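Please look over the sequence and the model shown here before reading on.

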Amino acid sequence: MSSKRKITVAYGDGIGPEIMKATLNILEAAGAQLEYDVIEIGEQVYLKGITSGMEPKSFASLRETKVFLKSPITTPQGGGFKSLNVTTRKSFGLFANVRPCKAYSPFIKTHFPKTDLVIIRENEEDLYAGIEHRQTQEVYQTLKLISQPGSEKIIRYAFEYARKYGRKKVTCMTKDNIMKLADGLFHKTFDEIAKEYPDIQKDHKIIDIGSALIAERPEIFDVIVTLNLYGDIISDIAAQVTGSVGLGGSANVGEEVAMFEAIHGSAPDIAGMDIANPSGLLNGAIMMLVHIGQPEIAEKISNAWMKTLEDGIHTADIYQEGISSKKVGTQEFAQAIIERLGQTPVNMSPATFDKSSTAPLSIKLKPAKKEKKELIGVDVFIDWDEDNRNPNTIGEKLRKADANGLKLHLITNRGVKVFPEGMPETFCTDHWRCRFKTADQSVITHADVLELLKQIKDLGFDFIKTEHLYAFDGVRGYSLAQGE
C-alpha cells in the first residue's frame, strides 16, 4: 500500500483513551496504512455548552475523512444534552448499524458456542426520531416514524451484506401483528425485496418471540434485519449470550460516512486503572479496515486477537479459572496481540474477509409509484376531564358538531372504543381521540377540518392535535379503532 488513509479518531471519556491507545498500537504494529485526525468529543465538549457533544470543526473532519473511529463517551446527567451517537448517525445519514455477535467458546464463557450472527439495525427512524409531546396532565406521546425509503435502504443493505459475506439467511423482525401499518410496511418491504435474492433464505419473526429465540437458540440465526428500537435491544441480548458485551464492535454505515466503535459504554468507574478490555473497540476497528479496503490487515489483527484468546491471555472481565492462563491489563493485552500478529488460531476458525471487492456496499432505491392521496376524515384529540370522564357526556356534546357532513364517528381512549356503545369497565384518561367522517366516507377538504375545529372550540373543548385520515389509491391509510 503506497498511501495512508486518513481517518477521524476520538479518544472519548472514561476508559476511552486507554482502549483507543491499545487499539491504535495494534493497528500500527499490524501495518495498517492510516493517519489520524484526532478530535475531542464527549463530556468536556458538553460542559462547554455544546449540546451535541461535538464541535463544528469535528463535523468538518468527518466530512473530509468520511471514516470515524470512536471511543465511548460520557453524557453528563441532566436535560438538554443530545446523544452524540444519534446526532452523528442522523447528520451523516448512517442508516445501517451492523453488529456481529459471535461465540468464542470455550475461551469466552457462553452456553451457545455455535453462535455466529449479524444484526443489521435501521439507524435513523422509528422512536429514535425523538419527537415527543406532553399533551394533557396525564398523557405523553412519542411518535414512531417509519418510511418506505428508510425501510428499503436497510433491508437491501441486509441482503447485500449477506451476499457479500457469504451468509445464507436473512431474518426480519417486527411487531406487525400490532402495528399493522408502520411495522407492516417494514415486513411488506422485506418480502418484496427478498424476491430479488433467491439465493438467500428469508424468514420473519415477531420481535417478542424473536428476542426469546436469540436468548435461547441464537445459533439458528444468520443475519437479522430490524427496526431501530428492536435492533438496539436484541443487539445487547445477542452480545450478552455470546459471552460479553465488552467484546462487541459496531459499524454505523451511510452512503458516504461510516463510524466504528465498541458497543459498550465509557465505564468511568474503572477509568485509568488499566483493566478495561479493548476488544470491543478493536473489533470495531477491524470492521473499519475491511470497509476502507485493508482486509488483509483486518484478517491479521483478528487472527492474532483470537490466538491471544486461545492462549488464555485475558483481561479481568473474561478471565476464567481453568481456561485462562494469565490475567492482564489493557496495554499488556494489546501487546500480547501484537506479539501474535501473523499467527492464526488453532481451535477457532481463522478470519477471512472478502478481497474481491473492497468498495463499500452501495444501495440504490427503486423509484416509488405515486399514489392518489385523498382526505376522508380526521382524528381530533381532546384534553377533557369533566363529569367523571363519562364518555357519553363528551360524545353527546361532540355530536352537535357538523362541518358539511363531517360528523363524529366514534371516540377512543388509549386506543379502545368508548363511544358509542363503550364498555363501562374501560378506564379512561383525560386524553380522547375523536374520529370524524362523513356518512359515505366521501372526500373532505382542509376548509371542512378548520370549520370542524372552530365548532369543537365553540362547544368548549380543548383540541390538542389532529391526525388527518387519508386513503391512498382507495386503500385506507390509518388504523381502525378497537371495536370500529
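The secondary structure of the protein comes to 13 helices and 20 strands, where helices (H or I, at least four residues) and strands (E, at least two) are DSSP runs numbered from the N terminus. This is a predicted model, in which local features need pLDDT of at least 70 and side-chain atom pairs count only at pLDDT 80 or more, whereas totals for chains, interfaces and linings use all residues. Residues are numbered from 1 along each chain as its sequence is written, and side-chain values use heavy atoms, with hydrogens and water left out.

Along its principal axes the C-alpha trace spans about 80 × 50 × 45 Å. Of the 484 residues in the protein, 52% are buried, meaning under 20% relative accessible area with a 1.4 Å probe and protein chains only. Among contacts (heavy atoms within 4.5 Å) with a separation of 6 or more, 76% come from residues 24 or more positions apart.

The domain assignment, which is automatic or taken from a database, gives domain 1 (1-94 + 243-355), domain 2 (111-232) and domain 3 (373-476). The C-alpha centres of domain 1 and domain 3 lie 53 Å apart.

Helix α4 covers residues 84-91, and its buried residues include Leu84, Asn85, Thr87, Thr88 and Arg89. After α4 comes Gly93, which has a positive phi near 65°.

Helix α7 (residues 207-216) and helix α8 (residues 228-241) pack at an angle of about 15°, with their axes 9 Å apart; such axes are lines fitted to C-alpha atoms over the stretch in contact, and angles run from 0 to 180 degrees between N-to-C directions. That makes α7 roughly parallel to α8, a term used for angles under 35 degrees. The crossing of α7 past α8 is right-handed, that is, the near helix is turned clockwise from the far one by less than a right angle. From α7, Ile207, Ser211, Ile214 and Ala215 meet Tyr230, Ile234, Ile237, Ala238 and Val241 of α8. This contact of α7 with α8 holds eight nonpolar residues, one polar and no charged, with Ala, Val, Leu, Ile, Met, Phe, Trp, Tyr, Cys and Pro counted as nonpolar, Asp, Glu, Lys and Arg as charged, and the others as polar.

A second pair is formed by helix α10 (residues 295-310) and helix α11 (residues 330-339), which pack at an angle of about 115° with their axes 8 Å apart. Ile301, Ala304, Trp305, Thr308 and Leu309 of α10 make the contact with Phe333, Ala336 and Ile337 of α11, and by class it has seven nonpolar, one polar and no charged residues.

Conventions. Parallel < 35°, antiparallel > 145°, perpendicular 65-115°, else oblique. Buried < 20%, exposed > 50% of the residue type's maximum accessible area, 1.4 Å probe, protein only.
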